[in-house]
Structures are given as C-alpha cells and as structure tokens.
Amino acid sequence: MNRNVLFKFFDPVTLAGDQIRGECFVRITEEIPKAQIVLTFQTKMYSKIIEKRQIPYDQSNPQMIPEKLIEKTQRIQVTLDSPIRQPKQTQKKYELNGEIMYRVIRNYGTHESFVYTQELYTGQVKPGDYKFQFSIPTQYNMSSSFSYKSEDGLKQAKCSYKVTLRIDLPDEASTLMMESADVYINGRIASEGEQFRQCEGNIVQYLCLNRGTVELSIKLNKNNFIPGEQMLIEYTLDNTRSQRSISRVEARLINKLTFIDDDEIERVIENIKVFQQNLGGVNSGQKLERQNASLEIPKNLRATIKTSVIRNQYFLQMEAIADAFLTWLSVPVVCQVPINIQESQLPQKINLEGWNFLPIMNVSVNAFSNLTVQQSFIPT
C-alpha cells in the first residue's frame with residue numbers, strides 16, 4: 001500500500017443500502033499549483049471458467065495450428081485474474097503440453113460495473129498531511145462481497161467493491177497519485193417472516209422396508225450467521241411407528257457454488273460438505289422430543305450470494321440413519337434448511353504515527369452526485 005494515502009473505514013462490513021463511512025489520509029510531499037482530487041466507488045462482478053479440451057495434433061505438421069495461437073502450459077495462468085481488459089488476440093486459443101494439444105475455451109458471466117465519482121477539491125495544494133471524512137451511498141440491492149478461485153486457477157468469480165482516491169494534474173493531463181482500498185458489503189437478507197419460515201425444516205416421513213415410518217423435524221434459532229458463530233438447532237425424532245432403531249442423526253452443512261455464464265448456462269463448481277457432526281439416535285418405539293444441539297459455523301466460509309452470475313448457497317441437512325441390514329435400500333429420512341452466511345472482516349488498524357494534519361483539507365464528503373455505467377467487465 002502507498003504510505004502517502006491511507007483509508008480508514010468506520011465499519012469493517014457495510015450493509016447494502018447503508019453509507020460506507022470512513023476517513024482518507026493524504027500526504028503531499030511537494031507543492032502542487034493546481035490539483036484535482038477525485039474519490040470513486042466501483043463495483044465489479046464476474047464469473048469465469050476456462051476449459052481445456054484435447055484435440056488431434058500432428059507434431060510433424062506444425063502448420064496445422066499457427067504457432068502464435070499456441071500457449072505453453074506454464075503461461076496459461078498469467079492472465080487469469082487480471083482486472084485489465086486486454087485485446088482478444090492476447091487470449092490464447094490453444095495450449096501445447098508436450099505432444100498433447102488442447103483447445104482453450106473461456107466461459108464468462110459478466111455484470112455491469114458501476115462507478116460513482118465525486119470531485120473533492122480543485123486548486124493549489126501545499127506540502128503536508130491532510131485528512132477528510134467521506135460517506136459513500138450504496139444500493140439497497142447490492143450483493144455480499146465474494147471471491148473464489150479454484151486451486152488450478154481455471155475457475156474463478158468475484159463480487160468486489162473498492163474506493164479509489166486519485167490526484168490529477170489537469171494542466172499536464174496526468175495523474176500524480178492513485179490508491180485503492182477494498183470495501184466489504186453484506187447483502188440484504190429476507191424479511192423477518194421469510195426468515196422464520198426458512199428456519200423450520202418440514203417433517204419428513206418415509207417407509208423403511210415395511211418396518212414403519214420415521215418422522216424428523218428441525219428448527220433453527222435463526223438462519224443468518226457469520227463464520228465462527230454457533231448455530232442452535234432444535235430437532236424432534238419420532239420413531240414410535242418404526243421397528244428399526246435410529247443409530248444416529250447426522251447434521252451436515254452443504255455448500256453449493258454455481259456459475260452462470262452470459263448464455264445462461266449454469267455450471268455447478270462445488271457441491272461439498274463443509275462440516276459434519278453426529279447427534280444421538282433413538283430406539284424403536286421411542287421419541288426424542290425437542291432435542292437441542294449446537295454446531296459451530298466454520299470460520300473460512302465465503303458469504304452467501306445469489307445473482308445472475310454467481311450463486312453461493314448453504315444448506316443445513318439432518319438425516320436420521322439406521323445402521324441395519326438393507327436399510328441402504330430405503331429412502332433417506334432427511335430435513336434441509338437454507339441458511340445465509342454473511343461477510344465478516346476484522347476491524348482495521350491504522351498506524352498514523354508521524355502524521356501531522358493540516359486543517360485546509362479536513363472536509364467532509366457526504367454524497368456522490370455523478371454516476372456512470374461502464375461496459376460489462378470481461379476479465380482476461
């Protein structure tokens with residue numbers, strides 16, 4: 001980070017629709033006869049999948065595919081997460097790995113990128129340290145911050161927000177200084193009535209090899225969590241009409257990540273179990289009424305997001321399991337409840353030792369009056 005520009009945000013995460021409040025600290029080392037200071041707030045959202053399909057290739061006939069279209073294996077990762085739009089000819093269409101040729105196919109899901117711009121100050125600036133407060137409006141329907149990149153780098157997605165301070169020299173048509181900082185947003189969740197409905201799992205009844213039925217129902221204390229928080233579960237397991245004993249109830253949290261490209265084709269990237277915990281079972285002819293359990297949400301989970309480009313969803317599943325002969329042939333007794341995971345960040349720590357602020361630019365910025373809509377962002 002440029003030590004001449006520092007950002008401090010009063011809230012580690014901002015709720016969509018609320019103001020992003022903070023301070024910006026600027027150190028000017030030499031007098032500027034005429035400067036234009038601009039603050040911008042930018043959003044970016046995209047998903048991207050790179051596929052490599054093997055194709056016939058005759059090594060003795062290199063003219064089969066022009067050499068300029070071939071990309072060596074070790075170089076294909078270079079431009080995966082570049083935020084800069086590059087000419088299409090720089091995107092290699094083929095990759096040669098030893099004697100095997102692959103065709104490289106890129107599938108994009110893009111969303112319009114919005115930029116809010118506010119001119120803060122125009123005029124002469126003397127050397128010194130300056131600070132000002134800002135308050136940036138956000139849109140009520142903004143999604144939670146999100147970032148994903150697979151281990152091989154071939155699948156990635158991002159919903160990001162950043163604030164940028166830029167000092168321009170208008171007489172020279174140049175930029176003297178520019179620095180950005182990421183800001184984090186939590187999307188709005190469902191209404192209280194909808195949350196209450198989602199907190200309850202329907203009672204499930206299934207025939208178990210002519211040995212009777214089992215009923216399982218669950219209820220959560222809420223359905224909106226931050227990573228590391230405790231989830232409180234109340235469940236009822238009715239085994240009074242079954243001749244099988246339930247050995248355990250398995251609680252698991254499922255994460256399903258889906259990318260949607262510009263052709264509206266959905267691709268499931270991950271559908272995994274992020275944690276599992278076994279709870280007590282019940283004998284045949286007995287019932288467990290309103291049992292309580294506590295599960296800790298893993299600390300490394302990404303936020304829930306549901307857009308036209310990215311869907312990252314979480315489901316709490318609870319399954320009553322009977323470990324007996326041929327019970328694997330029966331339909332599982334499963335309850336499922338969707339839950340929402342919020343973005344979570346630690347408070348900032350800013351070291352301002354050695355800074356001596358001058359009062360001339362201690363101004364407050366309360367609104368962003370200008371709005372421009374950029375073309376769809378296509379990462380390369």
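Predicted model: local features only at pLDDT ≥ 70, side-chain atom pairs only at ≥ 80, totals over all residues.
A pair of aromatic rings is described by the distance of the centres and the angle of the planes. For Phe7 and Phe9, the ring centres are 6.2 Å apart and the planes meet at 5°; since planes under 30 degrees apart count as stacked, this pair is therefore a stacked one. If you search the whole structure, you will find nine aromatic pairs.

Let's move on to another of these pairs, Phe25 with Phe357. Here the centres are 5.5 Å apart and the angle between the planes is 40°, which makes the pair tilted. Where do Phe25 and Phe357 lie? Phe25 belongs to strand E3 (residues 20-28), while Phe357 is in the loop between strand E23 (333-341) and strand E24 (364-365), so their contact ties together parts that are 332 residues apart in sequence.

The two partners can also be described by their accessibility. Phe25 has a relative accessible area of 2%, so this residue is buried, the cut-off being under 20%. Phe357, at 27% relative accessibility, counts as partly exposed.

Finally, have a look at the charged side chains. The ring of Phe357 has the charged end of Lys131 over it, 5.3 Å from the ring centre. A second example involves Arg27 and Trp355: the charged end of Arg27 sits over the Trp355 ring, 4.4 Å from its centre.

Technical notes
Residues numbered from 1 in each chain as written. Heavy atoms only, no water. Phe/Tyr/Trp six-rings, centres within 6.5 Å; stacked < 30°, edge-to-face > 60°. Helix = DSSP H or I, 4+ residues; strand = E, 2+ residues; numbered from the N terminus. Buried < 20%, exposed > 50% of the residue type's maximum accessible area, 1.4 Å probe, protein only. Lys NZ or Arg CZ within 6 Å of the ring centre and 35° of its normal.
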